[in-house]
Amino acid sequence: MNSPARRARYHLRFQLRPGDDLADRAGALARMCGENGVDEVVLLLGAEQLYTGHLAGPEETSWFAAAAEALAVLSDAGLDVSLNPWVTAGHADRGRAGTLGFAPMVSPTGRTAAAQASFACPRWRKWLYAHYGRFAELGFRVLWVEDDFRFHNHAPLDWGGGFEPLMLERLARLAGEPVTREQVVAAVTAPGPPHPWRTLLQQVWRTAQLEVAEELAEVVRERSGGRSQLGLMSSPPAAHSVEGRDWAALFTALSVRSRVVHRPHFAPYSDTPARGLTSAIWSLELQRALRPRHATCEPEIENWPHTSWSKSDTQTWSEMVTAQLSAADALLLNVHPTHAEHAGRFPRIDRLLRRSRPALDWLAERGQERPVPLGVGLPWRQDTASRLTTVTGRLEELEADPGAAADFLLGYGVPVTAQPAPVQALFGRIADTFSDDELHDMLRGGLLLDGVAAAVLTRRGLAGLLGVRAGEPVSRDEHAPPGPYAVERVVTDVPAGEGTLLSVDVQPALARLEPLDGAQVVTSIHTPDGRLWGTGRCHFVNSLGGRVAVLAATAPAELARSDEDRLLVHAAVRFLEGKNPRLPLVSGAPHLIPHASRSGEARRLAVVNGSADAARPRVHLPSGPELPSDHGTVRATLLAPLDEPVRSAVEPTGDVLELMDALPHRGWAVFEW
C-alpha cells in the first residue's frame with residue numbers, strides 16, 4: 001500500500017452482486033472512485049440484505065465469478081481491491097438458518113444459534129479455510145475478517161456464544177473434571193474474587209480463536225502466493241477482554257509475511273451529539289496501544305443501516321478527521337447502502353468525499369512520524385476481565401475499561417493517552433486489577449482517583465499513600481445521618497473560588513473520605529439543608545514523592561458539568577504535574593475536546609468543538625521544555641466541517657492562547673509548535 005504521508009487514503013466498501021450487468025456496474029463504480037479520490041475498493045461478499053447464510057456450492061461459485069470480474073475491472077482502472085467476506089462465525093441469525101451442519105454457538109443460558117457456528121466446530125473450520133482460500137487465489141490486497149470473529153454479541157443469543165458442548169469438552173480437559181454449562185456460568189460469574197474456571201474458559205476461547213487465525217493465515221498465504229494479507233475488524237476492547245483476547249498473539253496469528261491490517265470500530269453508527277467524540281478519541285487511542293507496530297490501521301467510518309439518513313455528513317467528516325489524527329493509514333468508508341447496486345445514484349456521497357478531502361489531506365501532509373500521544377494516562381490491561389471482582393454475578397459485569405474516565409477528562413479539555421504518563425487517572429473497579437507493585441509505581445507519579453478506586457486502594461492498605469482513608473461508597477438512597485448529599489462546596493483557595501457550589505445531587509454514590517495528616521481538602525459535601533456530609537476532593541503529596549488527587553464521586557463523568565468543575569479538574573491536573581507541568585489544557589466553552597501528540601520536537605494539539613454553539617478555544621500552555629518559549633511560534637489552523645483549512649490567528653495573554661476565529665460545531669482547531 002502506498003504511503004499516506006502526503007495524501008489521505010479512501011478505501012470504499014461496496015457490494016457488487018452477481019449479474020449479467022456486473023461489468024457495467026463495476027465500471028461505474030471505478031469512474032465514481034476516480035472522480036472522488038478513492039484509492040481502493042473493498043468488495044463486500046454476500047452482505048446484509050444479500051446474506052443467505054454461509055456461502056457454499058453454486059451460490060459461492062456465483063459470487064466467486066462476480067468477485068473475479070469486478071476485480072479485473074477495478075484493477076484495470078488503477079484501483080487497489082480488497083475483499084470483505086460477510087461472515088466467519090456469523091453476525092446474527094436475523095431469521096436465517098444454517099444449512100451446512102455446523103455445530104452452533106450456545107449462549108450462557110443455553111440458547112442455541114440458528115446460523116452461527118462454534119469456533120470449535122471442525123466442519124465450520126474446514127468451510128472457512130476453503131472459502132477464504134478460494135478467494136485468496138484471486139490476489140486481493142486484503143481479505144477482511146469481519147467483527148463476527150468474536151464470542152460476544154451474536155443476536156439473538158444473550159451475551160454471545162462459547163458455551164456449546166465442544167467448548168465445554170475443551171474446558172473439562174483443562175479443569176480435569178466433567179463440567180456443565182450451568183456450572184461454568186455460575187463459576188465464571190460468581191460474586192467475589194475470580195474463580196479459577198474464569199481464566200480457564202478464557203484460555204479455551206483464546207486458544208480456539210488463535211488456532212483458526214493461524215490456519216486461516218497459512219491458507220491465505222499459500223493460496224494467494226503471499227500476495228494477500230488478512231485484516232481484522234475489532235469491537236470494543238473491554239468486550240474482547242471478557243473473551244480473554246491476547247491482541248498481540250491474535251495479530252501475529254493473522255499475519256501473512258509479517259503483514260496484517262486492523263479495522264477498529266470507534267464511533268457510533270448513527271447521529272449522536274458531538275460531545276460523544278470523547279469516546280471515539282479514546283477508543284482509537286486504546287486500540288492503538290494494543291495493536292502491534294507491524295499492523296497498519298484503517299479505522300471504520302460507517303453509518304448503519306447504511307444510508308445517509310442514519311448519520312449526517314458533518315458527523316461523518318468529524319469522525320474521519322478524528323481517525324486521521326490518530327495516525328490512520330487509510331479510512332475504510334462504509335457509507336453506501338449494501339444494496340446500492342449503482343454507485344452513480346448517490347451524488348450526495350460523492351460530495352461528502354470531495355468536500356472532506358481538503359482537511360484530511362492537510363492532516364496527512366502534516367502527518368507526524370510515529371506520533372506519541374500526550375495526556376493523562378489511563379491504565380488498562382487486556383486481561384482486565386480475568387481479574388475483576390464481581391458483585392452481581394452477570395457476565396456483562398466483566399466488561400470494564402477507562403472510557404468513563406476518558407469522557408470526564410476529555411470533556412473538560414484534558415488530553416488523555418493509553419500510554420504510561422507522568423500523571424495517570426484510575427477510576428472504578430479497574431483499580432483492583434493491578435498488583436501492589438503496579439499501584440506503588442502509579443503512586444510515585446501523579447494519580448487521580450475516583451471514590452471507587454480510592455476505596456479499593458484503602459482496602460488494600462494504601463490509604464497512607466493517598467492522604468485519605470476512603471470508606472465503601474454510600475448510595476444516594478441510603479439515608480444515614482446527616483442525610484442525603486446534595487452539593488459540593490469549594491473550601492480552599494483554588495481558581496474556582498472559595499465558597500463556590502457544585503451539584504452532586506445525582507451521583508449514584510459517594511465515597512466517605514477521611515483526610516489524613518498533610519492532606520489538603522479542596523471541597524466538602526453538604527446536605528440540602530447545609531449540614532456537612534463529608535469531604536469531596538483532596539490533594540496530597542505522599543512519602544514516595546508522588547501526588548494524589550482523590551474525588552469522592554464514584555461516577556465523575558455523571559457529575560453536573562460546569563465551568564467551576566472544569567477549573568477544579570484543571571487545578572487537580574496541575575497539582576498532579578507538580579514542578580514539571582507539560583500538558584496543554586483547554587477551556588473557553590463547554591465540550592471542547594483535545595487530542596495532543598508529539599513527534600520528535602514537534603507538538604500538536606487538536607481541539608474539536610463538541611457543542612452545537614460556536615466557540616473560541618483557549619489553550620493553557622504552562623512553561624516548560626515541552627512548550628514554546630515564544631507563543632508567537634504557535635500556528636493555528638481552522639478545520640471547519642466539509643471546508644478548506646484556513647490559517648487562524650491566536651491571541652496570547654500570559655500563558656493562555658485564544659483562537660481568534662469562532663470554531664463551529666464539530667470543527668477542529670489544530671495548534672502546532
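Me: How many helices and strands are there in the protein?
Reply: This is a predicted model, in which local features need pLDDT of at least 70, side-chain atom pairs count only at pLDDT 80 or more, and totals for chains, interfaces and linings use all residues. Residues are numbered from 1 along each chain as its sequence is written, and side-chain values use heavy atoms, with hydrogens and water left out. Helices (H or I, at least four residues) and strands (E, at least two) are DSSP runs numbered from the N terminus. Counted that way, the protein has 17 helices and 34 strands.

Me: What is the radius of gyration of the protein?
Reply: The radius is taken over C-alpha atoms, and the globule rule is 2.2 Å times the number of residues to the power 0.38. For 673 residues, a compact globule would come out near 26 Å, and the protein agrees, with a value of 26 Å.

Me: What share of the 673 residues is buried?
Reply: Buried means under 20% relative accessible area, exposed over 50%, and partly exposed in between, using a 1.4 Å probe and protein chains only. By that rule, the buried share of the protein is 60%.

Me: Is strand β23 largely enclosed or open?
Reply: Strand β23 covers residues 520–526. Five of its seven residues are buried, so the rest of the structure leaves β23 largely enclosed.

Me: Which residue in β24 stands opposite Ser524?
Reply: Two strands pair if DSSP finds at least two bridges between them. On one side, β23 runs antiparallel to strand β19 (residues 487–490), joined by four bridges, and Arg489 stands opposite Ser524 there. β23 also pairs with strand β24 (residues 532–541) in the antiparallel sense, over six bridges. In that pairing, the residue opposite Ser524 is Thr535.

Me: Which residue in the turn of the hairpin has a positive phi?
Reply: β23 and β24 form a hairpin, with five residues between them. The phi in question is about 95°, and it belongs to Gly530.

Me: What is the relative accessible area of Val490?
Reply: Val490 lies in strand β19. Contact means heavy atoms within 4.5 Å, and, not counting residues up to four places away in sequence, Val490 touches residues including Val522, Thr523 and Leu568. Val490 is buried, and its relative accessible area is 1%.

Me: How many Å apart in space are Val490 and Val550?
Reply: In sequence, Val490 and Val550 are 60 residues apart. In space, from C-alpha to C-alpha, the distance is 14 Å.
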